[in-house]
Amino acid sequence: MTYKERTEDIYRMVGQGQILEAFDKYYADNVVMTEPMGTWEGKEAARAHEVEFLNSVKEFHNLEVKGIASDEANGIVMHETAMDITFQDGNRVQMEQTGVQKWENGQIVHERFYYNA
């Protein structure tokens with residue numbers, strides 16, 4: 001399976017509501033996740049951040065994968081997504097983000113998300 005195919009599988013799983021299962025399957029123990037709101041080092045800390053985000057969501061209305069591109073030789077995958085989400089406070093948001101993943105041994109060791117916070 002290519003890195004691009006793995007990322008496609010992540011978003012297939014996310015679209016089916018298997019967000020944490022995708023995280024557990026594809027993220028390395030030493031992963032570093034970075035986004036405008038901070039950086040989380042290690043799978044436990046990054047997963048806790050994902051759980052915190054999921055707990056803030058009341059409903060996912062839509063997920064669109066706009067594009068996925070990869071540099072297989074260097075283990076780099078870039079993805080662009082759009083999400084329509086209602087948060088627990090009732091605020092409905094159209095989120096767009098781009099992410100860059102670094103893969104090693106079939107798992108993500110670094111992922112950085114770009115979006116307007």
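These are my notebook entries on a predicted model of one protein chain.

**Entry 1: the whole chain**

I began by listing the secondary structure, and I found 3 helices and 6 strands in the chain. Read from the N terminus, the elements run α-α-β-β-α-β-β-β-β. I then looked up the radius of gyration, which is 14 Å; the globule rule gives 13 Å for 117 residues, so the chain is as compact as a globular protein of that length. I also noted the box that the C-alpha atoms fill along the principal axes, roughly 45 × 30 × 25 Å.

How much of the chain is buried? I found that buried residues make up 39% of the 117 residues. I looked up the contacts between residues at least 6 apart in sequence, and 47% of these join residues at least 24 apart.

**Entry 2: surface and charge**

For charge, I noted 11 positive and 21 negative side chains. The centres of these two sets lie 3 Å apart.

**Entry 3: helix α2 and F23**

I turned to helix α2, which spans residues 19-26 and holds F23. Which residues of α2 are buried? I listed I19, A22, F23 and Y26. Looking down the axis of α2, I saw that these buried residues fall within an arc of 100°, so they line one face of the helix.

What covers the buried residues of α2? I found helices α1 (3-15) and α3 (43-56) among the covering elements. Strands β1 (27-35), β3 (57-71), β5 (92-104) and β6 (107-114) also belong to the cover.

I looked at F23 on its own next. Its relative accessible area is 3%, and a residue under 20% counts as buried, so F23 is buried. Leaving out residues up to four places away in sequence, I found F23 touching M33, K43, A46, R47 and E50.

**Entry 4: H49 in helix α3**

I located H49 in helix α3. Is H49 buried or exposed? At 11% relative accessibility, H49 counts as buried. Beyond the residues up to four places away in sequence, I noted that H49 touches E35 and W40.

**Entry 5: strand β6 and I108**

I moved on to I108, which is found in strand β6. I108 has a relative accessible area of 0% and is buried. Which residues are in contact with I108, apart from its neighbours within four places in sequence? I wrote down I10, Y26, Y27, A28, V31, Q101, K102 and W103. Y26 was already in my notes as one of the buried residues of α2. I also checked I108 against E96: they are 12 residues apart in sequence, and their C-alpha atoms are 21 Å apart in space.

**Entry 6: N105 in a loop**

I finished with N105, whose place is in the loop between β5 and β6. I noted a positive phi of about 55° for N105, although it is not a glycine. Is N105 buried or exposed? The relative accessible area of N105 is 78%, and the cut-off for exposed is over 50%, so N105 is exposed.

Conventions: Residues numbered from 1 in each chain as written. Predicted model: local features only at pLDDT ≥ 70, side-chain atom pairs only at ≥ 80, totals over all residues. Heavy atoms only, no water. Helix = DSSP H or I, 4+ residues; strand = E, 2+ residues; numbered from the N terminus. Rg over C-alpha atoms; globule rule 2.2 N^0.38 Å. Buried < 20%, exposed > 50% of the residue type's maximum accessible area, 1.4 Å probe, protein only. Contact = heavy atoms within 4.5 Å. Lys, Arg positive; Asp, Glu negative; His and termini not counted. Charge placed at Lys NZ, Arg CZ, Asp CG, Glu CD. Arc of directions from axis to C-beta.
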